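Open the model in your viewer and keep the selection panel at hand. The tour below goes from one selection to the next.

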Amino acid sequence: MRRLGTPLVASLVLTGLFLAGLGLGQLTGTIPLPYLGDRASARPTEATLKPSWPVRISIPAIGVRAPVRPVGLADDGTVATPPLSRRNETGWYDRGPTPGQDGPAIIVGHLDTKDGPAVFHRLASLRPGQVVQVTRRDHKVVVFTVDSVETFDKARLPVERIYRDFSRPGLRLITCGGRWVGGETGYADNVVIFASVKL
Amino acid sequence: MGAAPAHAVDVFVEVNPNTIQAGYAVVIRASCGDSVNPGTVKSDAFGEVTLVHQYGFLTATVTVPTNTRPRGYTVKLTCPTGSSATTTLWVVGMPAPTRGPHTGGGWLAVGGGSDRGLGGMTLVGGGLAVVGVGAGLGLLLRRRRAGAAR
């Protein structure tokens, strides 16, 4: 025990410091933990696709793997969202194109619920060039590349840029961001990821 | 991009983009092979249009009326020779709300923790605990050694 003692103590202390450091890095956002999920056996598709509803979304860079279900419009005219009780679910706006068709497929997800983080809580940390994979009912996997990550006042979204670019297969991921103002608004802003298929 | 061209010996028609919001325009590109006379294109989405020669193809720009019902529409090219080709144009009627979706419950805002909270917290806590165990063990060993030396 005595001969083992000093190295044991030293390695325990060093390991502990390392772990704590890693934790601090995580908390401050300087050392992101690597994504350890599977690398989705995605094969990119070549051209513009026919319509097929999306069923799953995967964003390796921020550890998102979630089901996609269709949503329409809410009573107040905004794009509806999945129920808060299903924190890991995303909603595809079913009045627009499906992912892989020409045009912007829109997928919304919660930043948080009332008592915990939700599926898109790290969306704002995505960077241009990172990929988003959407699996469709026809089993095709559409690979989108992030073009930009932007924040807009929730009352004034840029309609043309978000909903009206049909020049290529596009994707818009939308969640909340900014200040919490509560009431009907909730968070003051929306974080929008603009992504497209790179051929 | 655009719809996969329907080829049949140089006779094809494609629509770009292959999906469009009702009220917006699409470009038709087609070929009737060696035919000098242009063909016509017909669809319930925009009616009938005669194509014009441009850059070696037959083309036309058509606008899908605002009130067009959302679904897939057949687009049919008919050449002067009688040969034809088809493709599909998907029309969507997608309201574009200026107000963004309600995608937050507020937990993060009311101090529910940073967005990297759990993993980081666990690591810091766990790491400090390991340091503690190491230090404790160190002290214990020292005391033993001191005891043995006496």
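The model is a predicted one.

**Stop 1: a loop in chain B.** Select B:Tyr55, in the loop between strand S6 (52-54) and strand S7 (57-63) of chain B. Is B:Tyr55 buried or exposed? B:Tyr55 has 6 other C-beta atoms within 10 Å, so it is exposed. Check its backbone too: phi is positive, at about 50°, although B:Tyr55 is not a glycine.

**Stop 2: a loop in chain A.** Go to A:His139, which sits in the loop between strand S5 (131-136) and strand S6 (141-153) of chain A. Here phi is near 70°, a positive value in a residue other than glycine. A:His139 counts as exposed because it has 8 C-beta neighbours inside 10 Å.

**Stop 3: chain A as a whole.** Now select chain A and colour it by secondary structure. Chain A holds 2 helices and 8 strands, in the order α-β-β-β-β-β-β-α-β-β from the N terminus. Of its 199 residues, 41% are buried. Take the contacts in chain A between residues at least 6 apart in sequence: 57% of them join residues at least 24 apart.

**Stop 4: the nonpolar core.** Which residues touch the most other members of the largest nonpolar core? They are A:Ile107, A:Val132 and B:Ala30, in a core of 66 residues. Strand S8 (residues 186-197) of chain A gives the most to this core, namely 6 residues. Centre the view on A:Val132 and show its surroundings. Apart from neighbours within four places in sequence, A:Val132 is in contact with A:Ile57, A:Ile59, A:Phe144, A:Val146, A:Leu171, A:Leu173 and A:Ala195.

**Stop 5: chain B as a whole.** Buried residues are 34% of its 150 residues. For contacts in chain B with a separation of 6 or more, residues 24 or more positions apart account for 50%. Colour domain 1 (11-92) and domain 2 (113-150) of chain B separately. The C-alpha centres of these two domains of chain B lie 73 Å apart.

**Stop 6: a cis peptide bond.** Select B:Asn16 and B:Pro17: the peptide bond from B:Asn16 to B:Pro17 is cis, with omega near -5°. B:Pro17 belongs to the loop between strand S1 (11-16) and S2 of chain B.

**Stop 7: where the chains meet.** Show both chains together. Contacts link 50 residues of chain B with 61 residues of chain A. On the chain B side, strand S2 (19-21), strand S9 (84-92) and helix H1 (117-149) each give two or more residues. The largest share, 17 residues, comes from H1(B). By class, this side of chain B has 26 nonpolar, 21 polar and 3 charged residues.

**Stop 8: B:Met94.** Finish in the loop between S9 and H1 of chain B, where B:Met94 is placed. Why does B:Met94 count as buried? The reason is that B:Met94 has 21 C-beta neighbours inside 10 Å. Not counting residues up to four places away in sequence, B:Met94 touches A:Arg95, A:Gly96, A:Tyr163 and B:Gln21.

Key. Residues are numbered from 1 along each chain as its sequence is written. Chains are lettered from A and ligands numbered from 1 in the order in which they are written. This is a predicted model: local features need pLDDT of at least 70, side-chain atom pairs count only at pLDDT 80 or more; totals for chains, interfaces and linings use all residues. Helices (H or I, at least four residues) and strands (E, at least two) are DSSP runs, numbered from the N terminus. A residue is buried if 20 or more other C-beta atoms lie within 10 Å of its own, exposed if 12 or fewer, and partly exposed in between; C-beta atoms are placed from the backbone. Two residues are in contact if their C-beta atoms, placed from the backbone, lie within 7 Å. Ala, Val, Leu, Ile, Met, Phe, Trp, Tyr, Cys and Pro count as nonpolar, Asp, Glu, Lys and Arg as charged, and the others, Gly among them, as polar. Domain bounds come from an automatic or database domain assignment. A nonpolar core is a set of buried Ala, Val, Leu, Ile, Met, Phe, Trp, Tyr and Cys residues joined through C-beta atoms within 7 Å.
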